[in-house]
Amino acid sequence: MKRISFVAMIAIMVFAIMPVSASAFMGKRDVVVDGIALSGGAINKNNNTFVPFRELFTQLGLTVEYDSKSKKVTGTKGELQVTFTVGSKKANINGVNKTLQVAPFNSNGSVYVPLRIVSEATGSKVVYLKDVDIVLVNSPSFEGLIYDSPSGSLEITKEGELTKTNNLVLIDFLGFLPEEEIVYEIDISSGTDHDYKVTLTPDAVIEYIED
């Protein structure tokens, strides 16, 4: 089981860079794939959850192809190939045509595809947690995750169960970007001949960089 943590520190800052996830708030459906919240969020259409294809495919380990002329989206992983066409209710999974209730669509420059058909094609478990409006997608290799923050702790099991100490830690978790190296960058110039900056990473490692 993987453990990730976020440590917040309070300091007087001259400037700060704080990554913010678009889905880091309650009241909007979030999608969590193998313990990582998709930053693009989700759109619900006719009781179908749609997500940006590129982020979903990448998180599930599929290579990504998009043909802008034909508006065709393709994800490939080993012998698996998943194909969608924007505006078409026909999808293709390994050469077999599937009929969709709602066609993939463009929104804010991203192509949205139906979450469940992609997830199940990869053998992933899909669980909708109605009380927090979150969809969990756990691939066969996912062994679970424990997340710690100053607000509390949260655990996601490989079976698709989510437990939390409170809603604040859930908000922390949905806003956590593990791919971001910098959480805060603080100028602590002392006015002497040497200026220093402190970089705080998600695991609270501190590096001193001399200008």
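Keep in mind that the model is predicted.

**Stop 1: around Asn 138.** Colour strand S14, residues 134-138, and find Asn 138 in it. Now show the side chain. A polar atom of the Asn 138 side chain lies 3.1 Å from the backbone oxygen of Thr 157. Next, display the surroundings. Leaving aside neighbours within four places in sequence, Asn 138 is in contact with Asp 34, Ser 124 and Lys 125, and also with Ile 156, Thr 157, Lys 158, Glu 159 and Gly 160.

**Stop 2: the salt bridges.** How many salt bridges does the structure hold? There are three. Side chains of opposite charge can pair when their charged atoms come close. Take each pair in turn.

**Stop 3: Asp 133 and Arg 29.** Select both side chains. They meet in a salt bridge, at 2.9 Å from N to O. This pair links distant parts of the chain, 104 residues apart. Asp 133 sits in the loop between strand S13 (125-129) and S14. Arg 29 sits in the loop between strand S1 (2-5) and strand S2 (30-33). Which of the two partners is buried, and which is partly exposed? Arg 29 counts as buried, at 18% relative accessibility. Asp 133 counts as partly exposed, at 21%.

**Stop 4: Arg 116 and Glu 120.** Move to helix H2, residues 115-121. The side chains of Arg 116 and Glu 120 meet here in a salt bridge, 3.1 Å from N to O. The two are separated by about one helical turn, because they are four residues apart in the helix. Arg 116 is partly exposed at 42% relative accessibility. Glu 120 is also partly exposed, with a relative accessible area of 45%.

**Stop 5: Glu 143 and Lys 158.** Return to Lys 158, one of the contacts of Asn 138. The Lys 158 side chain meets that of Glu 143 in a salt bridge, with 3.7 Å from N to O. Distant parts of the chain are linked here too, 15 residues apart. Look for Glu 143 in the loop between S14 and strand S15 (145-149). Lys 158 is in the loop between strand S16 (152-156) and strand S17 (162-164). Glu 143 is partly exposed, with a relative accessible area of 44%. Lys 158 is partly exposed as well, at 42%.

Key
Residues are numbered from 1 along each chain as its sequence is written. This is a predicted model: local features need pLDDT of at least 70, side-chain atom pairs count only at pLDDT 80 or more; totals for chains, interfaces and linings use all residues. Side-chain values use heavy atoms; hydrogens and water are left out. A polar contact is a pair of N or O atoms within 3.5 Å; within protein, one must be able to donate a hydrogen and the other to accept it, and residues adjacent in sequence count only if both atoms are side-chain atoms. Contact means heavy atoms within 4.5 Å. A salt bridge is a side-chain nitrogen of Lys or Arg within 4 Å of a carboxyl oxygen of Asp or Glu. Buried means under 20% relative accessible area, exposed over 50%, partly exposed in between (1.4 Å probe, protein chains only).
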